[in-house]
Amino acid sequence: EKRRVLRRSEINQADMAEKYKEAAHQENLRAIEQYETFLKTQGVEGEQKAELMFRLAEKYFEEGRFYYFEEMEQYEKDYDKCFATPDCDVNKMRPNNKKSQKWQKKSIRLYLTILDSYPQYSRADEVLFYLGSALQEVKQPKKAVKQFQRLTREYSNSVYLPDSYVNIGEYYFENNNAYPALKAYKQATKYKNSPKFGFALYKLAWCYYNVGSYGEAIENMKAVISHSQSGASS
């Protein structure tokens, strides 16, 4: 009886989660419609228009995320079904992300429009960072890293610098290019208050190891341990 009650509770929670997700989805669509209407209003220009476009781009991307999770849930179901079916090759299966990518690409186009039309926009560095992150999600790493590099060149006081340097480092690290990766991680470790500081230290140690600088690798690993211990004690 206890197990049956537990199962019923879990089902209710799942139903509530689905209802909440759908409600959030509908609210996002309403927000998109409102922003698109505002942008057609005469007299909306400059900083105000750039801000509305930025908010709309974020909403487009949220919509893409909504469909992405749905697509991946369907892919998992199809994968499990194929796995249990004789002569069905799961290695040939790919998720269908057309719907999510349609929204994500709308977001990317809008980010680019903001940067081209409103280069003096006060949140341009944030737009650049979001653009790079969006390009990462649609599997365009070369284009993404260019945006992060542009951010580091043009916005020396941006709060997104530590994350941008880490993303640059990750791009080169994953492509087995140790020296530019090392350079990027080293820049990221200058921001000691950043949440990415410990991770940047760790990857910097690996880069030193990969280029044969074992002394620096050991010292940086020691720094990683020290940093993690200081975080645990606080």
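The structure is a predicted model, in which local features need pLDDT of at least 70 and side-chain atom pairs count only at pLDDT 80 or more, while totals for chains, interfaces and linings use all residues. Residues are numbered from 1 along each chain as its sequence is written, and side-chain values use heavy atoms, with hydrogens and water left out.

The axes of α7 (residues 178-188) and α8 come within 9 Å and cross at roughly 150°; such axes are lines fitted to C-alpha atoms, for helices over the stretch in contact, and their angles run from 0 to 180 degrees between N-to-C directions. The helices themselves are DSSP runs (H or I, at least four residues), numbered from the N terminus. The crossing of α7 and α8 is left-handed, meaning that the near helix is turned anticlockwise from the far one by less than a right angle.

Helix α8 (residues 197-210) also supplies four residues, the largest share, to a nonpolar patch. This surface patch is formed by Phe199, Tyr202, Trp206, Tyr209 and Tyr214, which together have about 510 Å² of accessible area, as computed by the Shrake-Rupley method with a 1.4 Å probe and, for residues, with only the protein chains shown counting as cover. Tryptophan 206, found in helix α8, is partly exposed at a relative accessible area of 34%, where buried means under 20%, exposed over 50% and partly exposed in between (1.4 Å probe, protein chains only).

Glutamate 70, in helix α2 (residues 46-83), is likewise partly exposed, at 36% relative accessibility. Its C-alpha atom is separated by 9.0 Å from that of serine 100, although glutamate 70 and serine 100 are 30 residues apart along the chain.

Positive phi values occur at two loop residues. Lysine 139, in the loop between α4 (124-137) and α5 (141-154), has a phi of about 65° although it is not a glycine, and lysine 139 is exposed, with a relative accessible area of 67%. Asparagine 176, in the loop between α6 (161-174) and α7, is not a glycine either, yet has a positive phi of about 55°; asparagine 176 is exposed at 74%.

Note on methods
Patches are made of residues with over 30% relative accessible area and no salt bridge: like charges are joined within 9 Å, nonpolar side chains (Val, Leu, Ile, Met, Phe, Trp, Tyr) within 5 Å. A salt bridge is a side-chain nitrogen of Lys or Arg within 4 Å of a carboxyl oxygen of Asp or Glu.
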